[in-house]
Amino acid sequence: MKILVVEDERKVAAFVAQALAEQAYATRVAGGCAAARIALSEEPFDAVVLDLGLPDGDGLDLLAEWRAAGFNEPVLILSARDAVADRISGLNRGADDYLPKPFSVDELVARVRSLLRRQAGTKATVLSHRGLRLDLLARDLRRDGQPVELTSREFALAELFLQNSGRVLTRTLIAEKVWEASYDLETNLIDVYVRRLRAKLESPGQPPLIRTVRGTGYQLLP
Ligand code: CA
């Protein structure tokens, strides 16, 4: 699950992104309307957290534009304008929820989660593979029915593998998707994480789940 955070105040953006990342949601921050348009044209998002007062335009116009173009993922408006009229106008223009600033980050996370859950009716949110069951909304992974404790990074890695069963995932792709690193991540770090994930997901005496593709990356075996 990936969430776009459109917010020009760097501190607030970083704070929100961090809180969402702790729940194992991938995030991308856009500091204005132009950056938000680029982000949405480049990759899919499952939800948007949208500030209204942006340096290069109004978040409400951006929202109206997206809805007119058929973007129908949930949008949570985050704004200092907490007048009732503003709230109504935001909801009328296609927002799914509205959180006035200042807000509690726990409440923000809870609302994003609930929007994603509401939206989930039409989407596959549980990934299954050889005794593994990964619930994207509950952020829960089970092996043969038993919960497996994962860090948020390990969870993101497991999600990536389960979404690409059978595909060879290069280290570069893993770095981009799980660490959102456009720079060269120490590949050693990826190897360490994959090893840890294997230890948690594979059972002794069973055929391996993840195969090392020498010099390239990893593959989740069917
Ligand atoms: Ca702002």
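Predicted model: local features only at pLDDT ≥ 70, side-chain atom pairs only at ≥ 80, totals over all residues.
## Two domains

The protein chain splits into domain 1, covering 2-121, and domain 2, covering 126-220. Going by C-alpha atoms, their centres sit 28 Å apart.

## Where the domains meet

On the contact list, 12 residues of domain 1 meet 5 residues of domain 2. Together the two domains bury about 670 Å², and 51% of that area is on carbon and sulfur atoms. Polar contacts do turn up, with 3 residue pairs found across the interface, both partners at pLDDT 80 or more.

So which elements supply the domain 1 side? Helix 1 (10-22), strand 2 (26-30) and helix 5 (105-119) each give two or more residues to the side that touches domain 2. Helix 5 provides the largest share, with 3 residues.

## The calcium site

Three protein residues donate to the calcium ion: Asp8 and Asp51 through OD, and Gly53 through O, at 2.2 to 2.4 Å from the ion. Along the chain, these donors follow the spacing D-x42-D-x1-G.

What does the pairing of Asp8 with Gly53 tie together? Asp8 belongs to the loop between strand 1 (2-6) and helix 1, while Gly53 is in strand 4 (residues 53-54), so the pair links parts that are 45 residues apart in sequence.

## Salt bridges

Searching the whole structure gives 17 salt bridges. One of them joins Glu43 and Lys2, with 3.1 Å between the closest N and O atoms. Glu43 is found in the loop between helix 2 (33-42) and strand 3 (47-51), and Lys2 is in strand 1, so this pair ties together parts 41 residues apart in sequence. As a general point, side chains of opposite charge can pair when their charged atoms come close.

## Backbone spots to check

Two places are worth a look if you're going through the backbone angles. The peptide bond running from Lys101 to Pro102 is cis, and its omega is near -5 degrees. Pro102 is in the loop between strand 7 (97-100) and helix 5, and helix 5 is also the element with the largest share of the domain 1 side facing domain 2.

The other place is Arg130, which has a positive phi of about 40 degrees even though it is not a glycine. Arg130 falls in the loop between strand 8 (126-129) and strand 9 (132-135).

Conventions: Residues numbered from 1 in each chain as written. Heavy atoms only, no water. Domains from an automatic or database assignment. Contact = heavy atoms within 4.5 Å. Buried area = accessible area lost by both parts, 1.4 Å probe. Polar contact = N/O pair within 3.5 Å; in protein donor to acceptor, adjacent residues only side chain to side chain. Helix = DSSP H or I, 4+ residues; strand = E, 2+ residues; numbered from the N terminus. Donors = N, O, S within 2.8 Å, 3.2 Å for Na, K, Ca; no water. Salt bridge = Lys/Arg side-chain N within 4 Å of Asp/Glu carboxyl O.
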